[in-house]
Amino acid sequence: MATKSSYDDSTNTTGRIKRRWDRFTAWRLRRPFLGGLLLCLAGIIITWVPMQILPDLLFVGGELTGFLAIGVAFGVLVFLTGVFALYKPAHSDVIGVIGIALSILSLVGSLGGLLFGLLFGILGGNLCLAWKPDEDRVPDHVTEPSPVDNAVAGVRNRLQRVVGPIVRRLRDRLAAATETGSAEHGNDR
């Protein structure tokens, strides 16, 4: 009767973990992962700030209850933009703009999550705007050269025209000197 060794179980578990991690990595690379994650974090922070004050005001009956409820709504909407960026990566540019706008508007109801939520929301929205799927990325060798690259190439060509003949003459003289030097050493022997 054959039994499985603990070594087989550990390699099987390690292989399973590696396959799952590879699947997660493939999923993550097909979407603006960091931008969506930062938008979700910003939404949580923006919502957390008014939620610390809102229950007390509801109990007492304060006048700022509606104002703080708007802050909670902005926080939830910023969180949902992050989730939507992860769920629909094709619309990440529009989602990024909406996430930035909602993060800025969160200053009204929750002080932008004490400004941390605002900053995370703006950063996450910008990352969603900047993200491009692999099909839309243009290889470096296909892109047009920048004006700086054109200027550097022009300077290099002019320099090559001036320095090129001088370098060739020096190489020829060096080759001639080594040939005559080796011929003189050959006669001495």
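Predicted model: local features only at pLDDT ≥ 70, side-chain atom pairs only at ≥ 80, totals over all residues.
**View 1. The whole chain and its elements.** Residues are numbered from 1 along each chain as its sequence is written, and side-chain values use heavy atoms, with hydrogens and water left out. Read from the N terminus on, the elements run α-α-α-α-α-α. Of the 189 residues of the chain, 26% count as buried, buried being under 20% relative accessible area, exposed over 50% and partly exposed in between, with a 1.4 Å probe and protein chains only. Contact means heavy atoms within 4.5 Å, and among the contacts in the chain with a separation of 6 or more, 73% come from residues 24 or more positions apart.

**View 2. Helix α3 against helix α4.** The axes of α3 (residues 65-87) and α4 (residues 92-114) come within 8 Å and cross at roughly 160°; the axes are lines fitted to C-alpha atoms, for helices over the stretch in contact, and angles run from 0 to 180 degrees between N-to-C directions. That angle makes α3 roughly antiparallel to α4, since angles under 35 degrees count as roughly parallel, over 145 as roughly antiparallel, 65 to 115 as roughly perpendicular and the rest as oblique. The crossing in which α3 passes α4 is left-handed, a term used if the near helix is turned anticlockwise from the far one by less than a right angle, with clockwise giving right-handed. On the α3 side the meeting residues include F67, L68, G71 and F74, and on the α4 side they include I95, I98, G99 and L102. By class, this contact of α3 with α4 has twelve nonpolar, seven polar and no charged residues, where Ala, Val, Leu, Ile, Met, Phe, Trp, Tyr, Cys and Pro count as nonpolar, Asp, Glu, Lys and Arg as charged, and the others, Gly among them, as polar.

**View 3. L77 and G99.** L77 has its place in helix α3 and, at 40% relative accessibility, counts as partly exposed. L77 and G99 are 22 residues apart in sequence, and their C-alpha atoms are 8.1 Å apart in space.

**View 4. Helix α4 against helix α5.** The axes of α4 and α5 come within 8 Å and cross at roughly 175°, which makes α4 roughly antiparallel to α5. Residues of α4 including S92, D93, G96 and V97 take part in the meeting of the two helices, as do residues of α5 including F116, G117, L118 and G121. The residues of the contact of α4 with α5 divide into ten nonpolar, nine polar and one charged.

**View 5. The largest nonpolar core.** The largest nonpolar core has nine residues, namely L39, A42, I46, F74, V78, A85, I95, L102 and C128; such a core is a set of buried Ala, Val, Leu, Ile, Met, Phe, Trp, Tyr and Cys residues joined through side-chain atoms within 4.5 Å. Helices α2 (33-60), α3 and α4 each supply at least two residues of this core. Leaving aside its neighbours within four places in sequence, I46 is in contact with residues including G71, F74, V78, S103 and L118. A73, found in helix α3, is partly exposed with a relative accessible area of 38%, and the C-alpha atoms of A73 and I46, 27 residues apart along the chain, are separated by 9.3 Å.

View 6. Most residues other than glycine have a negative phi. L114, which lies in helix α4, has a positive phi near 55°, and at 48% relative accessibility L114 counts as partly exposed. L115, in the loop between α4 and α5 (116-130), has a positive phi of about 70° although it is not a glycine, and L115 is partly exposed with a relative accessible area of 46%.

Technical notes
Helix = DSSP H or I, 4+ residues; strand = E, 2+ residues; numbered from the N terminus.
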